[in-house]
Every structure is written in C-alpha cells, then in structure tokens.
Amino acid sequence: MKEGINSITDLDHHGKALLVMDYFHRTMMHHAMWYAEAERQLGREKAQEALKNVYEKTTAIQMKRLGKTLGFESKDGVPAPLLDLPEETMDKLLEAAAVNWLANDGVWFQSVEFTQGMDKAKSCNDACWANFSPIEAWSIKQYLGLGEQPGLEGLKKALQFRLYASINEQSFVEETENSLVFRMNDCRVQSARKRKGLDDYPCKSAGVVEYSTFAESIDSRIKTVCIACPPDEHPDEWFCAWRFSIDR
C-alpha cells in the first residue's frame with residue numbers, strides 16, 4: 001500500500017497518468033466481459049449483433065469525449081492526429097499494434113506456463129483461440145463488408161487482414177475452384193525460436209482451433225484441413241499450411 005495516498009487528490013502528476021492508463025485497461029476488460037457474458041446468455045449471433053451496435057456507439061462517444069478533453073477533432077469517427085500521420089508512420093503503427101497483440105499473447109502464455117505448467121498454458125491458449133478467432137473474423141467481416149457467405153474469395157481477403165498478416169509472411173495457392181491452400185511462410189514466433197536454436201513450438205492444437213473457427217466464422221460452409229503444423233515436419237519454405245474447401 002502506498003503511504004499517504006488515500007484518494008485521487010493525493011496523487012502526483014505521474015500517479016494520475018498511471019491511473020488514466022489503468023482506467024483504459026479496466027474499460028477494455030469490462031468491454032470484453034460484457035461481450036463474453038452476452039455470448040453466454042444470448043448466443044454468439046445475438047451477442048455479435050449487440051457488439052456491432054455497441055462498438056459503433058461507444059467508439060463515437062469515447063472519441064468525442066477524449067477529443068474534447070485533449071483538444072483534437074475527429075473525422076468520420078477517426079481522431080484527426082491519426083489521419084494526419086505520414087503514410088510510413090501509419091504503416092509502422094499498424095505493425096506496432098499487431099506486434100503488441102502478439103506480445104500480449106506471449107506474456108499471458110508465459111504467465112500461466114511459469115506458474116501452472118506448459119499443459120495448462122496450452123489448454124488456456126487453445127480455448128482462447130476458440131473464442132478469439134470468431135471475434136477477429138467478425139471484426140474483419142464488418143470492416144470489409146464481406147457479407148454472410150463470401151466464400152473462399154472472402155476468406156482469402158479476410159486472412160490478409162488478420163493481426164498476423166501485419167507481422168508474418170504468408171501466401172496462397174488456389175488449387176481448384178473449390179479449394180484454397182494457405183501457407184505461413186515466415187512466422188515471427190517460430191523464426192525467433194529458430195534463431196535461438198530451439199525446436200518449433202508445437203502449435204498444431206491451437207492452429208486447428210484457430211483456423212477452423214476463423215474460416216467457419218467467415219463462411220459456415222468452409223471446411224479446414226491441416227496439411228502440416230508443428231510439431232509436424234514441414235519444408236523450409238513454410239511453417240504451417242492449411243487447406244480450405246467449400247461445397248458449392
């Protein structure tokens with residue numbers, strides 16, 4: 001307990017700045033918990049309908065209030081300082097935001113691993129992907145306006161807007177009219193392990209959940225098959241590969 005700190009008025013400038021950051025974190029957590037509970041009680045479809053409405057309204061409210069407080073304007077719901085960034089800086093910001101997401105994921109994994117063991121960390125990780133992949137797919141569908149059943153063409157486009165797409169190298173092979181192969185040519189996590197002389201991280205259990213739920217959330221008709229994913233053997237050209245198919 002910090003001595004002499006009994007209320008917010010006792011904080012110095014640095015302490016208040018830290019509290020502002022903590023307020024943002026609490027808001028983020030509360031937002032996520034609201035969605036989780038709405039999904040539990042209402043089902044995913046109705047929860048996502050609510051999320052669309054909430055996201056649009058709360059973003060407008062928050063940006064307006066922050067802009068009024070900090071002295072910036074918004075254009076079409078986007079803070080003007082963001083829109084005024086040079087293109088190169090904007091690209092770096094997109095990458096930084098994606099890397100922060102990955103770092104956050106890694107910190108969570110290690111926090112559980114170091115206290116509860118690898119098996120529990122992998123179990124939590126797999127379950128997290130089962131919940132996150134549909135949300136990321138939903139977000140991308142909203143952003144791109146993909147519609148309800150955009151097929152393999154929509155999936156291919158959506159995969160290029162995932163957080164991973166900003167930090168990894170990936171490619172596609174269009175096998176047939178009804179099948180598509182996705183390859184992760186360079187994975188930031190696996191490449192880092194390779195540089196350290198470590199074996200591939202065995203991510204197949206998470207990957208099966210991640211890619212199948214993502215694809216199904218883009219279009220419920222799409223089926224996913226793992227071609228190879230660590231600990232499977234794979235060529236030097238890619239770390240994992242997935243085949244997506246659809247019955248027309």
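Analyst: D76 counts as exposed because its relative accessibility is 84%; exposed means over 50% relative accessible area, buried under 20% and partly exposed in between, with a 1.4 Å probe and protein chains only. The model is predicted, so local features need pLDDT of at least 70 and side-chain atom pairs count only at pLDDT 80 or more, whereas totals for chains, interfaces and linings use all residues. Residues are numbered from 1 along each chain as its sequence is written, and side-chain values use heavy atoms, with hydrogens and water left out.

D76 sits in the loop between β1 and β2. Helices (H or I, at least four residues) and strands (E, at least two) are DSSP runs, numbered from the N terminus. D76 has a positive phi of about 55 degrees although it is not a glycine. Most residues other than glycine have a negative phi, and most peptide bonds are trans. Just after α2, G71 also takes a positive phi, of about 80 degrees. Another backbone detail is the cis peptide bond from P230 to P231, with omega near 20 degrees; P231 belongs to the loop between β5 and β6.

Helix α2 (residues 44–70) has 27 residues and reaches 36 Å between its first and last C-alpha, close to the 39 Å expected at 1.5 Å a residue. The expected span is 1.5 Å times one less than the number of residues. Its buried residues are A47, Q48, L51, M63 and G67. Their cover includes β1 (74–75) and β2 (78–79), along with α1 (13–42) and α5.

I140 is buried, because its relative accessible area is 6%. Leaving aside neighbours within four places in sequence, I140 is in contact (heavy atoms within 4.5 Å) with G145, A158, F161, R162 and F214. The C-alpha atoms of I140 and F161 are separated by 6.8 Å, though the two residues are 21 apart along the chain.

F214 is one of the buried residues of α8, listed with A206, G207, E210, Y211, S212, T213, A215 and I218. These pack against α5, α6 (151–159), β4 (179–186), β5 (222–228) and β6. The 15 residues of α8 should span 21 Å at 1.5 Å a residue, and its end C-alpha atoms are 21 Å apart, which agrees.

Of its 32 lining residues, L102, D105, V189, R193 and Y201 are the closest to its centre. A pocket is an open set of points on a 1 Å grid where a 1.4 Å probe fits, with protein on both sides within 12 Å along at least five of seven lines; lining residues have an atom within 4 Å of a point. At least two lining residues each come from α4 (87–116), α5 (118–144), α7 (188–195), α8 (204–218) and β6 (240–246), and α4 gives the largest share, 7 residues.
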